[in-house]
Every structure is written in C-alpha cells, then in structure tokens.
Amino acid sequence: MSLLYWLQSIRTPALDAIFSTITQLGEETVLMLVGLVILWCVNKKWGYRFFLIGMVGNTLNQLLKAIFLIPRPWVLDPEFPIVESARAAADGYSFPSGHTQTAAGVFGTLAVWVRKGCAVAVCIVLILLVGFSRMYLGVHTPLDVSVSLLTGAACVLLLNALLNRWENDRKGMLCIICGALIFALALVGYVYFAPVREANIAEFDQHGKKNAWVVLGTLAGLAAGWLFDEYRIQYDTKAVWWAQLCKLIIGAALVMGVRLGMKPLLQAIFGDAQFTNGIRYFLMAVMASVVWPMTFSFWSKLGQKELSAEEAL
C-alpha cells in the first residue's frame, strides 16, 4: 500500500483525467471493437485468434480472482482514497487486475501479429500504462498488476504458439476451441460450487458469476461462428474502403444493439439470474460471427472495380 499512498500524494485533476482515459484501453469495449475490425475487415483468422486469446485470458483472470478472494485496496485499508471515477469499473476482487489482463491480451496479440519494432514498442508502452493507471487510480496494488502482466504475456505466447501449429488444421483448431470452452465451463462450476470462505464478499462474488457467464457465452458464440464459417459461408474480409467502413459501423451497431436490447428482455423473463449474461453474450458473438458475416458477399461487391484497381497497384 505504500506505493499506492505515494501515487495518491501526486494526484492532480489533470493526471486523474489522463489516467482515467488511459485505463479505458483495458476495458471490454476496446477488446470487442478492435477484434471486430480485425475479424470483419482485415484478417479473419487473426480475428478469431484475437478473441480467443482475450477470452482465455479473461477466464484465467476470473478464476484467479475467485480462488484468492483478495479485496480491493480501499477494503484492505478503509482510510485509502481512490479516484472516484474509477470505482464503477472496479466491482470485483482485486487480484489480479482484469484491465491489465485485457490490455496485455489486446496489445500483446497486436504486437505478435504486426512484429514491427515501433508498433511493438507502442503496444508494450500501452500495456504498461494501463497497468500503471490501475495503481494510480487506487483500484489495484502492484501485485495485482504485475501478476496480470505475467498471465497476460503467458496467454499471448502460449496460445499463439498453439495456433501457429494448429490453426490451419480443422481438428487441431477445434480442439483448441473446445479446450477454451471447457476452461470457461470450469470457471462457471468453480464460482458456483466452490465452498464459501470467510474472505468471500457477496457483491464481488456476484460480479465473478456474471463474468464467468460472459466468457462462456462469448466463447460458445465464437465457436459457433468459426464452425459455421469453416463449413458453410467461408466469408471474405475484402471490400473497398468505404464499404468496409459501412460494414463496420452497421455491424458494430447491431452487435451493440443485441448487447443493450437483450438485457431488459432477458431480465423481464428471467429476472436477475446471472446466466442471462451468458445468453446475451452468446447472441452478441453469433451476430458478430454468423449473422453479420452472411452479408459480406454484398459488401465485397460494392465498388468491386475500384477494389480491383487498388489490388492491381
């Protein structure tokens, strides 16, 4: 806590605003938007790889949170003040840092994919800045952040190694996807059936259950999308730039529409049951990987002459 108190002593409104913005690079929305750009418009295989690494990393992160049950810094020390704007996104157990894990997955995968010196350096700096922002804002300890940096790097390196070997083999890729689903199922089983201990905090437990269903639903939807594309549509990501932009904006709006629109509907039917988050994120992933890609042949035909001229150059 000594480092957190020192960081608290140097806070200013300007720094608060800067690090509150930087920390958002580790949120779910960034993972989703960057992943959709890659999946729909750049490279389909790397899009699936990007989401798979992100979801496996989040599963590991949530499992460690549920095992160790370490409370947030302001719970450990009620006298410690945090930057209040960061409290809303800090609603689970502290160890390890979920934002840092997500940033490591997002920018670590980009670094491995791009493999260019400047781009890799930028990705590393962004990961470290997100981790530092969590400590500056007072919502994570150095241990939370450092362990997430390690687990994030491990997920990126291990899964990329596996995918490099098996990605072009249907059975191999299917085994990797099934392994990720089994891991997510194990997380759901653990958060529901692990014995309650003295360190459990009911509010944090509910958040953990929600996240467990989110990763399981997302992985299940992506698995359905990969199977559907592999055996049926085999869509092409190519299109002229303005068609790509339209495809991205409309598709992202549809995915967000499922995310926001299904929530009140499922709550009206099932109440506050946490499994509805799994259904909602499954439908989001199906929209992103099955339903919307079925329109890509239309988008690729728009401006086809212009695209052919660009490729010829």
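**Reading a predicted model**

Analyst: Let us begin with one residue in this predicted model: G57 lies in helix α4, which covers residues 44–68.

User: Is G57 buried or exposed, and which residues does G57 touch beyond those up to four places away in sequence?

Analyst: G57 has a relative accessible area of 2%, and because buried means under 20%, G57 counts as buried. Leaving aside residues up to four places away in sequence, G57 touches Q101 and C155.

User: How should I read the packing of helix α1 against helix α7?

Analyst: In general, two packed helices are described by the angle between their axes and the distance between the axes. Here helix α1 (residues 2–9) and helix α7 (residues 117–136) pack at an angle of about 85 degrees, with their axes 9 Å apart, which makes α1 roughly perpendicular to α7. The contact is made by L3, L4 and L7 of α1 together with F132, M135 and Y136 of α7; by class, the contact has six nonpolar residues, no polar and no charged ones.

User: What lines the largest pocket, and what is its volume?

Analyst: The general idea is that rolling a probe the size of a water molecule over the atoms shows where empty space is left. In this model the largest pocket has a volume of about 920 Å³ and is lined by 40 residues, with E27, E28, N211, V214 and Y281 lying nearest its centre. Among the elements giving two or more residues to this lining are α3 (28–42), α4 and α12 (275–291), while the largest share, seven residues, comes from α10. By class, the lining has 18 nonpolar, 13 polar and nine charged residues.

Key
Residues numbered from 1 in each chain as written. Predicted model: local features only at pLDDT ≥ 70, side-chain atom pairs only at ≥ 80, totals over all residues. Heavy atoms only, no water. Helix = DSSP H or I, 4+ residues; strand = E, 2+ residues; numbered from the N terminus. Buried < 20%, exposed > 50% of the residue type's maximum accessible area, 1.4 Å probe, protein only. Contact = heavy atoms within 4.5 Å. Axes fitted to C-alpha atoms, helices over the stretch in contact; angles between N-to-C directions. Parallel < 35°, antiparallel > 145°, perpendicular 65-115°, else oblique. Nonpolar A, V, L, I, M, F, W, Y, C, P; charged D, E, K, R; others polar. 1 Å grid on protein atoms, 1.4 Å probe; cavity = no way out; pocket = protein on both sides within 12 Å on 5 of 7 lines; lining within 4 Å. Points joined across faces, edges and corners; volume = space filled by probe spheres on them.
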